[in-house]
Amino acid sequence: MSRWILSFLGAYVGQAVGTLALFGLVFLITRRWAARALEGRRIITRGSGSDRSQLFHEIGHTLVVFAVGTAQAMAVQTLHENGETKLIEGLGPWGLGGAIGAFVGLILFNDLWFYSVHRLLHSPFLYKHIHSVHHRSIDVNPFSSYSFHLIEAILVTGWVLPAAMFIPFPLPVLMFTQGVGLANNLMAHLGYELLPRWWVDVPILRWSNSATFHSMHHARFKGNYGLFLRVWDRLFGTELDQYEETFARAHPPKA
Ligand SMILES: [Zn+2]
Ligand SMILES: [Zn+2]
């Protein structure tokens, strides 16, 4: 047991220090070092910027959420080592093509799960007691990305353990999807639109999420619930109006 606690602490400190350093670096690049160059890409919402109390709130909750993430990753790893998951080492019997298909399927499923849980979290009771922690951040920044209530962290990632136990899935795909999830979450909470202006005019690309899409969720609370894709919001009629106009405004005027 003490060995488990020690490896938990090692993994937790590694994840917390590494990820917070990454968030801090992106924060400094966007808000300090490249602030002037990125001025035209600031997503203007009704927020008034990230103050010190918001940052303390975000980092405190992020440290709790990372404990959930580390415990979950270790649970999957321990079950896998004991032969109690269906996870496949390597790319699996269908090679790279199968792994890419599995990745696309996992992104679609993951986002539909997130969309459903997120809409549920906006019901009055759950919003008041759980999801309001995340919406303390109106003008978002990298440290808003994992600023959740403990229960929300458990609900949002609730599919991972059952999926690992019952679905034969390539392990590298699951790990890669987690990495893409972190990058996507960070992008969604940048507060700056780094995607090119033409992004929303190109078929397929335009159905992906953007920093503008999620910033609008933080500014207007209801609508734009997806995190990877616009697809579910379009399908279920919850996409906020003026999305593409707001996206265009987060770009410097054409010369
Ligand atoms: Zn929300
Ligand atoms: Zn958010």
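1. Helices here are DSSP runs of H or I with at least four residues, numbered from the N terminus. His-214 and His-218 both belong to helix H8 and sit four residues apart, about one turn of the helix. The model is a predicted one, in which local features need pLDDT of at least 70 and side-chain atom pairs count only at pLDDT 80 or more, while totals for chains, interfaces and linings use all residues. Residues are numbered from 1 along each chain as its sequence is written, chains are lettered from A and ligands numbered from 1 in the order in which they are written, and side-chain values use heavy atoms, with hydrogens and water left out.

2. Donors are N, O and S atoms within 2.8 Å of the metal (3.2 Å for Na, K and Ca); water is not among the atoms, so sites may look incomplete.

3. The cut-offs are under 20% relative accessible area for buried, over 50% for exposed, and partly exposed in between (1.4 Å probe, protein chains only).

4. The zinc ion (ligand 1) is coordinated at 2.1 to 2.2 Å by the NE2 atoms of His-118, His-122, His-131, His-135 and His-217. Along the chain these donors follow the pattern H-x3-H-x8-H-x3-H-x81-H. One pair links distant parts of the chain: His-118 in helix H3 (residues 95–121) and His-135 in helix H4 (residues 124–135), 17 residues apart. His-118 counts as buried because its relative accessibility is 3%; His-135 does so at 4%.

5. His-122 lies in the loop between H3 and H4 and is buried, at 8% relative accessibility. Its side chain makes a polar contact of 3.2 Å with the side chain of His-131. A polar contact is a pair of N or O atoms within 3.5 Å; within protein, one must be able to donate a hydrogen and the other to accept it, and residues adjacent in sequence count only if both atoms are side-chain atoms. A polar atom of the His-122 side chain is also 3.5 Å from the backbone oxygen of Phe-221. Not counting residues up to four places away in sequence, His-122 touches residues including Tyr-127, His-217 and Tyr-225, where contact means heavy atoms within 4.5 Å.

6. Asn-209 is in the loop between helix H7 (171–188) and helix H8 (211–220). Asn-209 is buried because its relative accessible area is 3%. A polar atom of its side chain lies 3.0 Å from the backbone oxygen of Leu-227.

7. The 27 residues of H3 should span 39 Å at 1.5 Å a residue, and the end C-alpha atoms are 38 Å apart, which agrees. The expected span is 1.5 Å times one less than the number of residues. Buried residues of H3, among them Leu-106, Asp-111, Phe-114 and His-118, belong to a set that packs against H4, helix H5 (150–156), H7, H8 and helix H9 (231–235).

8. The largest nonpolar core has 18 residues, and those with the most contacts inside it include Leu-20, Phe-66 and Phe-143. Such a core is a set of buried Ala, Val, Leu, Ile, Met, Phe, Trp, Tyr and Cys residues joined through side-chain atoms within 4.5 Å. Helix H1 (2–33) and H2 each supply at least two residues of this core, and H1 gives the most, with seven. Apart from it lies another core, of 13 residues, among them Val-160 and Phe-169.
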